[in-house]
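Me: I would like to learn how to read the fold of a chain from computed values. Could we go through one case together?

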Amino acid sequence: MEKELKLYMLMLGCTPAGRLTEQHDIFFGIGSSLKDLIPQIKNFWPEAKGKLHIDAWREVSVVDDFTIEVVSKNTPTTPSLAQLFFINLGGYKENEFEEYHYKMLAVANKLALATKKSKATAFYKHCGFKGAESHLDEKYGIDIDDSYKVVDILPEEFKSLYTLKITKSEVPLKENPLHIGYFQLKKL
């Protein structure tokens, strides 16, 4: 029996040599378990020299009342206009020496619609003040440098074999739970 393949979203962390604080990045991968992704995770951030951990992760099978399925590139599917977007919002709180980030997924036909969804979040509305407004990273306002189609940022070995099938549900769906904490790769 073949194991079901899933799309995973992980927030990776490490303190690279020469840095004073822990750094983070987002990794998307396809596998039947987190453990399956360890080689790709290490390849994704080679400067970490294997000293990576996971600070948060989730399976991605439901977003915005759409189902997200991993299918072989050879599987005939009905084309969908819907795309899965990853958006990284940045924001500030007055008198706090920190830039906060809110990472979200959105399903939309166009990037402009996904951006509109991001601007409706509580984070966007409440993490900013005059002179330090919430923003989509790298640019202010509606610019979107930290917005990506997930299929475009998957590692090449996944993109060459799989695609995402996105289907609108007729009934409300519960999004996948978030797993937050410190997860060592060697203990997966």
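Me: What share of the contacts in the protein chain with a separation of 6 or more is accounted for by residues 24 or more positions apart?

Reply: Keep in mind that this is a predicted model. Residues 24 or more positions apart account for 67% of those contacts.

Me: How many helices and strands does the protein chain have?

Reply: The secondary structure comprises five helices and 11 strands. The radius of gyration is 17 Å, close to the 16 Å that the globule rule gives for 188 residues, so the chain is as compact as a globular protein of that length. Along the principal axes, the C-alpha atoms fill a box of roughly 55 × 40 × 25 Å.

Me: What percentage of the residues is buried, and what does the surface consist of?

Reply: Of the 188 residues, 39% are buried. The chain exposes about 11,600 Å², and carbon and sulfur atoms supply 52% of that area.

Me: How many positive and negative side chains are there, and how far apart are the centres of the two sets?

Reply: There are 25 positive and 26 negative side chains, with the centres of the two sets 2 Å apart.

Me: How should I read the nonpolar core, and which residues touch the most other members of the largest one?

Reply: In soluble globular proteins, nonpolar side chains tend to be buried together. Here the largest nonpolar core has 34 residues, and those touching the most other members are Leu-7, Leu-10, Phe-28, Ile-68, Leu-84 and Leu-105. At least two residues of this core come from each of β1 (6-14), β2 (23-31), β3 (53-59), β5 (66-72), β6 (83-91), β7 (100-108) and β10 (162-168). The most are given by β1, with six residues.

Me: Which residues is Leu-7 in contact with, leaving aside its neighbours within four places in sequence?

Reply: Among them are Phe-28, Ile-68, Val-70, Leu-84, Val-150, Leu-154 and Leu-164. The contacts of Leu-7 also include Arg-58 and Glu-59. A second, separate core has 10 residues, including Met-104, Ala-108, Phe-123 and Cys-127.

Me: What should I look for in the backbone angles, and where is Asp-64 placed?

Reply: Most residues other than glycine have a negative phi. Asp-64, although not a glycine, has a positive phi of about 55°, and its place is in the loop between β4 (62-63) and β5. Asp-65 is found in the loop between β4 and β5 and has a positive phi of about 60°.

Me: How accessible are Asp-64 and Asp-65?

Reply: Asp-64 has 26% relative accessibility and so counts as partly exposed. Asp-65 is partly exposed, with a relative accessible area of 25%.

Key: Residues numbered from 1 in each chain as written. Predicted model: local features only at pLDDT ≥ 70, side-chain atom pairs only at ≥ 80, totals over all residues. Heavy atoms only, no water. Helix = DSSP H or I, 4+ residues; strand = E, 2+ residues; numbered from the N terminus. Rg over C-alpha atoms; globule rule 2.2 N^0.38 Å. Buried < 20%, exposed > 50% of the residue type's maximum accessible area, 1.4 Å probe, protein only. Contact = heavy atoms within 4.5 Å. Areas by Shrake-Rupley, 256 points an atom, 1.4 Å probe, with all protein chains shown as cover. Lys, Arg positive; Asp, Glu negative; His and termini not counted. Charge placed at Lys NZ, Arg CZ, Asp CG, Glu CD. Core = buried A, V, L, I, M, F, W, Y, C linked by side-chain atoms within 4.5 Å.
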